[in-house]
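Please look over the sequence and the structure below before reading the briefing. The notes after it are arranged by topic.

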Amino acid sequence: MSTKDIIVIGGGPAGITLAKRLGRHFDMAVIRPEPHSMIYCAMPYAIEGLLPPEKTFKKDELVTASGAELIREHVTSINVPEKYVVLESGGILHFQRLVIATGAIPLIPQVPGARLEGVMGFKTQEDMETIINLCRNGLRNAVVVGAGAIGVELVQALRTRNIQVTLVDMLPTILGNMLDEDMTTAPTEILAREGIQLALSRRVSALEGSSRVSRVLLDNGQAIELEPDDSEHPTLVVFCVGVRPELTLLKDTGIEVGPTGILVDGRMQTNIPYVYACGDCVQFKSALTGEVISGKLATNAVPMAKVLAANLLGEDRVYPGFYNGAATKIGEVYVGSTGLTVSAASRAGFNVVTGMGKLFTRFPVMPDVRPLTVKLVADASSRRIIGGQILSGVPVTAQVDLLTLAIQKKCVLEDIRDLSYSAQPYQSFFPANNAMVMAAEQALKALRTQSELSENNEREQTPPLTVGQPDRS
Ligand SMILES: Cc1cc2nc3c(=O)[nH]c(=O)nc-3n(C[C@H](O)[C@H](O)[C@H](O)COP(=O)(O)OP(=O)(O)OC[C@H]3O[C@@H](n4cnc5c(N)ncnc54)[C@H](O)[C@@H]3O)c2cc1C
């Protein structure tokens with residue numbers, strides 16, 4: 001039996017990136033069971049009806065165009081010492097080097113009733129199609145648990161289909177990992193205006209129903225009624241509370257894992273010299289604090305795979321860690337965030353200073369002007385930028401990426417204050433100001449005020465010198 005140079009287990013963004021970059025150079029195979037790799041990020045919009053579900057399917061050519069072989073199979077075990085994988089069909093494939101890119105699967109908390117029909121996570125093509133079919137088959141009421149980006153995108157999609165939906169989260173605000181509380185007011189109001197019921201600072205304590213879920217119980221005793229047990233209408237509870245790494249295959253392999261994934265170094269190497277891992281299945285650290293944090297994003301999985309591909313081609317590159325630049329959209333507001341929020345920065349031990357820039361997306365004399373808010377988070381001692389949040393009436397990813405670059409390059413508040421920006425009536429505020437610059441100026445002003453206050457305090461504590469008498473201290 002022939003031996004592949006490289007076998008990749010997993011056909012998500014990490015596996016596809018490896019195929020694109022390595023397929024021409026090695027005899028390699030990508031193994032994944034599902035009929036299509038998915039554009040997961042677009043699934044809420046297919047549920048909404050904005051695009052046909054098939055548009056969320058990625059083309060197999062993304063893997064095969066480079067010459068990589070695509071094997072549609074489930075791997076059932078890995079024999080590390082003898083360097084082969086076993087397929088569900090019984091076949092065996094030998095490798096010289098193995099990459100594990102098995103991703104992550106949604107967490108469903110083990111509350112009573114979690115196995116009732118109608119309770120699900122949201123990740124796969126099947127999940128998307130199940131929700132679409134429920135909508136077509138008379139779904140009237142749904143509960144989404146988890147007000148992160150996926151949860152808020154899903155509730156809006158369901159609401160667009162005229163379904164009564166409640167969004168539950170244990171945190172007091174939506175998008176708790178992306179935004180500080182003061183940035184959530186406008187997006188929260190939009191969700192409420194769209195008719196989405198919010199149950200914040202609440203945990204699901206139990207799900208009830210005879211065979212399918214019909215009632216969601218919260219920890220304050222509140223019950224969200226979905227449908228009576230004998231109703232002909234289907235019911236739906238979707239948990240979007242995070243994911244756990246898919247590590248089933250690693251059992252008894254000797255490949256080391258941590259609580260949030262496979263342990264790898266910056267070169268994406270596991271403790272076994274010829275086994276690598278990248279994407280959602282690995283545990284990695286924040287590039288800012290060096291602490292292990294969650295970073296289960298395609299925008300982290302792909303760069304990890306690029307670093308690994310470069311190294312397998314002979315370069316020596318190191319993945320720096322997660323910055324977690326991310327974006328979502330709530331109604332007409334585009335939301336972006338990068339680095340640390342104030343609460344994450346405080347937890348990490350930073351003494352934080354913030355600044356806010358509030359302007360408009362166009363010259364205010366132009367038609368269709370929308371508000372724009374930029375919040376900067378910086379370390380008060382070094383003035384280094386450590387986070388940023390944006391709310392805007394126009395897409396924000398370019399600004400999020402600029403802020404991430406500022407964090408990556410260790411820029412300080414003065415660098416953003418001195419940013420040389422552009423302006424044009426359709427595309428920015430007047431040349432007179434820029435929201436990012438304004439936020440930096442405000443943060444610097446806050447620092448000056450702080451230091452003046454502490455100087456004054458010191459002065460007040462020192463007894464004033466009396467004129468004409470020598471200082472005897
Ligand atoms: C609804 C939704 C919206 C999202 N939106 C965004 C977004 O806007 N921006 C963003 O950056 N990220 C987003 N994400 C997250 C992003 O999709 C993931 O971070 C990304 O898919 C991780 O890529 P991966 O290749 O590591 O793993 P995955 O994409 O999870 O792929 C894992 C692959 O491994 C395969 N596999 C697992 N076990 C086996 C086995 N035993 N044998 C063979 N194959 C196996 C799986 O079948 C799959 O092909 C979203 C996710 C969801 C669910």
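This is a predicted model: local features need pLDDT of at least 70, side-chain atom pairs count only at pLDDT 80 or more; totals for chains, interfaces and linings use all residues.

Residues are numbered from 1 along each chain as its sequence is written.

**Ligand shell**

- The ligand is surrounded by 32 residues, the closest being Gly10, Gly12, Ala14, Gly103 and Gly279, where a residue counts as near if its C-beta atom, placed from the backbone, lies within 6 Å.
- Two or more residues of this shell come from each of helix H1 (13–22) and helix H7 (298–312); helices (H or I, at least four residues) and strands (E, at least two) are DSSP runs, numbered from the N terminus.
- The shell contains 17 nonpolar, nine polar and six charged residues, with Ala, Val, Leu, Ile, Met, Phe, Trp, Tyr, Cys and Pro taken as nonpolar, Asp, Glu, Lys and Arg as charged, and the others, Gly among them, as polar.

**Glycine 12**

- Glycine 12 sits in the loop that links strand E1 (3–9) to H1.
- Glycine 12 is buried because 25 other C-beta atoms lie within 10 Å; the cut-offs, for C-beta atoms placed from the backbone, are 20 or more others within 10 Å for buried, 12 or fewer for exposed, and anything in between for partly exposed.
- Leaving aside residues up to four places away in sequence, glycine 12 touches Ser37, Ala101, Gly103, Gly279 and Ala301, a contact being two C-beta atoms, placed from the backbone, within 7 Å.

**Helix H5**

- H5 (residues 149–160) is mostly covered, as 10 of its 12 residues are buried, among them Ile150, Val152, Leu154 and Leu158.
- The buried residues of H5 pack against several elements, including helix H2 (43–48), strand E9 (141–145), strand E10 (164–169) and helix H6 (185–193).
- Asparagine 162, which follows H5, has a positive phi near 70°.

**Helix H4**

- In H4 (residues 125–136), the buried residues are Met128, Ile131, Leu134 and Cys135.
- These residues lie on the same side of H4 because they cover an arc of only 130° around the axis, the arc being that of the directions from the helix axis to the C-beta atoms.
- An α-helix has 3.6 residues a turn, so residues three or four places apart point the same way.
- Glu126, Asn133 and Arg136 are exposed on the other side of H4, while the buried residues of H4 pack against H2 and E15.
- Glycine 138 follows H4 and has a positive phi, near 95°.

Key. The expected span of a helix is 1.5 Å times one less than its number of residues.
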